[in-house]
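User: I would like to learn how to read the features of a model like this one. Can we go through it step by step?

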Protein chains: 2
Amino acid sequence: MAAWSERLAGVRGVLLDISGVLYDGGEGGGAAIAGSVEAVARLKRSRLKVRFCTNESQKSRADLVGLLRRLGFDVSEGEVTAPAPAACLILKQRGLRPHLLVHDGVRSEFDQIDTSNPNCVVIADAGEDFSYRNMNKAFQVLMELENPVLFSLGKGRYYKETSGLMLDVGPYMKALEYACGIEAEVVGKPSPEFFKSALQEMGVEAHEAIMIGDDIVGDVGGAQQYGMRALQVRTGKFR
Amino acid sequence: MAAWSERLAGVRGVLLDISGVLYDGGEGGGAAIAGSVEAVARLKRSRLKVRFCTNESQKSRADLVGLLRRLGFDVSEGEVTAPAPAACLILKQRGLRPHLLVHDGVRSEFDQIDTSNPNCVVIADAGEDFSYRNMNKAFQVLMELENPVLFSLGKGRYYKETSGLMLDVGPYMKALEYACGIEAEVVGKPSPEFFKSALQEMGVEAHEAIMIGDDIVGDVGGAQQYGMRALQVRTGKFR
């Protein structure tokens, strides 16, 4: 294995995943992962540009940043790339009106979006709102469309909370894909467009950036496919 | 297209799907499909052997037969091949103790099965019991096993109730497959073992049998792959 100095040669920007890297969610908001508050502080004191690139889709960016700040992290809303705002941009560009199957915590991100007479479905990590009734409703909306369009905010298999492993949005995306015979459009990691927008915000090229995450597909695979370097932490969902 | 007499030459046995062919489920048990009660009666008066081959996994065979009889069908429990009893046979043969994610209506079929300290998961069409909590529990059981084994009673995408299309077990099977990185074993149509046992009960060879169903994959594709003829009705989930 190359020495660290070689592996990091030319790196100007660091993209940090949040859940499983900075903290594990759970009761009372969750807990910071040991050493992570100080690691972020050191990165920010360094010559490197730092941005947070998350597939978090249960909370609005404002709520997520509020939680992280309470846990001691130095982070502001403008430093976070998250899938819900990215989805809103796509919906507006394409004139789509979504049926939302999302957690109440993230619904405010869609306040400016017309959801009447839906012509697509957006699913996010809805947690307990992934009831049979809600899944069936999303399925029925898709089956009534001539060209069913399904957006999934990320496609993670699971994540780790302090109480254990929890199903993420990916399995439910697969369920709807199979039920309707369609393929979802993923908004979030590992989508190239998502990495692109995070890098643009940071003003750094792909070959100058490294992604640090706990998901071998969403973080590591996605970043490498986009020409970035990547590093998998041994916290969070790492097994 | 060949004439009917040619297409049915040599047929000695008829396998009938139930949901979407004989009746559509729904409020108050559902409703018989027009002409189906008389069609079954005529088949039974003919020289053909008749058997019912269903992926119904919300109800026990006893409850299903009771419902069909109330709707006017001439059918007895011994004439029905259903996935839950087939699954129990497999569990006993392989010494497996299931965690059950099934509808309460079918739980009695598993009365003789040891479910303590589970070393596999069985899912069936659980309807509203496909809650996030129940799915997450099944997921966690699988993730704790060294060799995760998942049985799915059928893999249908959806079925039709009188009130509309409803998600079947297949999407939830796909969700757990993706979450755990495994492949489920399907008990029920289109599994070859399932058709084999139905034909054995009827005493008819595959090339002498025709399957009549509304599911292009489970009924038609599965039967044809097993060397049977098949016919898709334009009722039930047919679109």
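Analyst: What follows takes sheets, helices, the core and a few single residues in turn. Keep in mind that this is a predicted model.

User: Start with the sheets. In what order do the four strands of the open sheet in chain A come?

Analyst: The order is β6-β7-β8-β11, and the pairing is parallel. At the edges are β6 (98-101) and β11 (185-187) of chain A, each pairing on one side only. From one strand to the next, the twist averages 25°.

User: How many bridges join β8(A) to β11(A)?

Analyst: Three bridges link β8 (residues 150-153) of chain A with β11(A), and the two run parallel. Look at one pair: S152(A) has V186(A) as its bridge partner in β11(A). As for side chains, the general idea is that in a regular strand they alternate between the two faces of the sheet.

User: Which strands of the sheet does helix α6(A) touch?

Analyst: Helix α6 (residues 169-180) of chain A packs on the sheet and touches β7, β8 and β11 of chain A. Its direction makes about 165° with that of β8(A). Helix α5 (residues 132-144) of chain A lies across β6, β7 (120-123) and β8 of chain A. The angle of α5(A) to β6(A) is about 160°.

User: Now chain B. Why is one side of β6(B) and of β11(B) left without a neighbour in the sheet?

Analyst: Begin with the strand order. Chain B has an open sheet of four strands, β6-β7-β8-β11, with parallel pairing. β6 (98-101) and β11 (185-187) of chain B stand at the edges with a single partner strand each, so one side of each has no neighbour in the sheet. The twist here averages 25° from one strand to the next. β8 (residues 150-153) of chain B pairs with β11(B) in the parallel sense, over three bridges. Within β11(B), E185(B) is the bridge partner of F151(B).

User: Which helices pack on this sheet?

Analyst: Among them is α4 (residues 83-93) of chain B, touching β6, β7 (120-123), β8 and β11 of chain B. Its direction makes about 155° with that of β8(B). Helix α5 (residues 132-144) of chain B also packs on the sheet, touching β6, β7 and β8 of chain B. The direction of α5(B) makes about 160° with that of β6(B).

User: How do I read a hairpin? How many residues lie between β9(B) and β10(B)?

Analyst: Check the strand direction, then the link. β9 (residues 158-161) and β10 (residues 164-167) of chain B run antiparallel, joined by four bridges. They form a hairpin with two residues between them. Y159(B) stands opposite M166(B) in β10(B).

User: Which residues have the most contacts inside the largest nonpolar core?

Analyst: In soluble globular proteins, nonpolar side chains tend to be buried together. Here the largest nonpolar core has 54 residues, and M135(A), F139(A), M135(B) and F139(B) have the most contacts inside it. The contacts of M135(B) beyond four places in sequence include L167(A) and Y172(A), along with L101(B), F130(B) and Y172(B).

User: Now single residues. Is D215(B) buried or exposed?

Analyst: D215(B) is buried, at a relative accessible area of 14%. It is found in the loop between β12 (209-213) and α8 (216-225) of chain B. Its side chain reaches the backbone nitrogen of G218(B) at 2.8 Å. Leaving aside neighbours within four places in sequence, D215(B) is in contact with G156(B), V220(B), Q232(B) and K237(B).

User: How do T81(A) and K160(A) read?

Analyst: T81(A), in strand β5 of chain A, is buried at 7%. Residues it touches include R51(A), F52(A) and F194(A). K160(A), in strand β9 of chain A, is partly exposed at 32%.

Definitions and conventions. Residues are numbered from 1 along each chain as its sequence is written. Chains are lettered from A and ligands numbered from 1 in the order in which they are written. This is a predicted model: local features need pLDDT of at least 70, side-chain atom pairs count only at pLDDT 80 or more; totals for chains, interfaces and linings use all residues. Side-chain values use heavy atoms; hydrogens and water are left out. Buried means under 20% relative accessible area, exposed over 50%, partly exposed in between (1.4 Å probe, protein chains only). A polar contact is a pair of N or O atoms within 3.5 Å; within protein, one must be able to donate a hydrogen and the other to accept it, and residues adjacent in sequence count only if both atoms are side-chain atoms. Contact means heavy atoms within 4.5 Å. Two strands pair if DSSP finds at least two bridges between them. Axes are lines fitted to C-alpha atoms, for helices over the stretch in contact, and angles run from 0 to 180 degrees between N-to-C directions. A nonpolar core is a set of buried Ala, Val, Leu, Ile, Met, Phe, Trp, Tyr and Cys residues joined through side-chain atoms within 4.5 Å.
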